[in-house]
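Student: I have a new model open on my screen and would like to learn how to read it. Could you walk me through it?

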Amino acid sequence: VQLQASGGGLVQAGGSLRLSCVASGRTIRDLSLGWFRQAPGKEREFVASINWNDNLTYYSDFVKGRFTIHRDNAKNTGFLQMNSMKPEDTAVYSCAVGPLLGQRPEEYDYWGQGTLVTVSS
């Protein structure tokens, strides 16, 4: 599976961005999808995950209520809608897929290259 994340960019605090994660090489409809982020000088951290049939989601506490993860299996694509963004959301965001609906990076088998999100104050 190859994953291509896109949609990052520069946004002001309070603004919104939508990230996309397009999969190729095989269908991901039977896999869970997760988003992680890594800020400069910090470890990678979990953001959100969604199970294969789009009916179960998990969010980290710092994005709950602001970010929404969803997927379109017909398009082999996952999304992360980010609203009410804060400067501390600045990071490289990466998508990943795997058989488990997890919150740890090691639970995912395939990773995209990441897209940079910068939130200005």
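This is a predicted model: local features need pLDDT of at least 70, side-chain atom pairs count only at pLDDT 80 or more; totals for chains, interfaces and linings use all residues.

Student: What do the overall dimensions tell me, and what is the radius of gyration?

Tutor: The radius of gyration is 13 Å, which agrees with the value near 14 Å that a compact globule of 121 residues would have. Along its principal axes, the C-alpha trace spans about 40 × 25 × 25 Å. Buried residues make up 46% of the 121 residues. Among contacts between residues at least 6 apart in sequence, 55% join residues at least 24 apart.

Student: Now the sheets. In which order do the strands of the open sheet run?

Tutor: First the general idea: strands of a sheet pair through backbone hydrogen bonds, either parallel or antiparallel. Here 4 strands form an open sheet in the order S1-S3-S8-S7, with antiparallel pairing. Its edge strands are S1 (2-6) and S7, each of which pairs on one side only. On average, neighbouring strands of this sheet are turned by 15° against each other, direction ignored.

Student: Can we zoom in on one pair? How many bridges link S1 and S3?

Tutor: S1 and S3 (residues 17-24) pair over 5 bridges, in the antiparallel sense. To find your place there, look for Ala 5, which stands opposite Cys 21 in S3.

Student: On to the loops. Where is Asn 73 found, and what does its side chain reach?

Tutor: Asn 73 sits in the loop between S7 (67-72) and S8 (77-82). Its relative accessible area is 17%, so it falls under the 20% cut-off and counts as buried. The side chain of Asn 73 reaches the backbone oxygen of Trp 52 at 2.9 Å. A polar contact of 2.8 Å also joins the side chains of Asn 73 and Arg 71. Leaving out residues up to four places away in sequence, Asn 73 touches Arg 29 and Trp 52.

Student: What about backbone angles? Which phi does Asn 76 have?

Tutor: Asn 76 has a positive phi of about 55°, although it is not a glycine. This residue is also placed in the loop between S7 and S8, and at 13% relative accessibility Asn 76 counts as buried.

Student: And Ser 84: where does it lie, and what is its phi?

Tutor: Ser 84 lies in the loop between S8 and S9. It is not a glycine, yet its phi is positive, at about 50°. With a relative accessible area of 43%, Ser 84 is partly exposed, whereas Asn 76 is buried.

Terms used. Residues are numbered from 1 along each chain as its sequence is written. Side-chain values use heavy atoms; hydrogens and water are left out. Helices (H or I, at least four residues) and strands (E, at least two) are DSSP runs, numbered from the N terminus. Buried means under 20% relative accessible area, exposed over 50%, partly exposed in between (1.4 Å probe, protein chains only). A polar contact is a pair of N or O atoms within 3.5 Å; within protein, one must be able to donate a hydrogen and the other to accept it, and residues adjacent in sequence count only if both atoms are side-chain atoms. Contact means heavy atoms within 4.5 Å. Two strands pair if DSSP finds at least two bridges between them. Axes are lines fitted to C-alpha atoms, for helices over the stretch in contact, and angles run from 0 to 180 degrees between N-to-C directions. The radius of gyration is taken over C-alpha atoms; the globule rule is 2.2 Å times the number of residues to the power 0.38.
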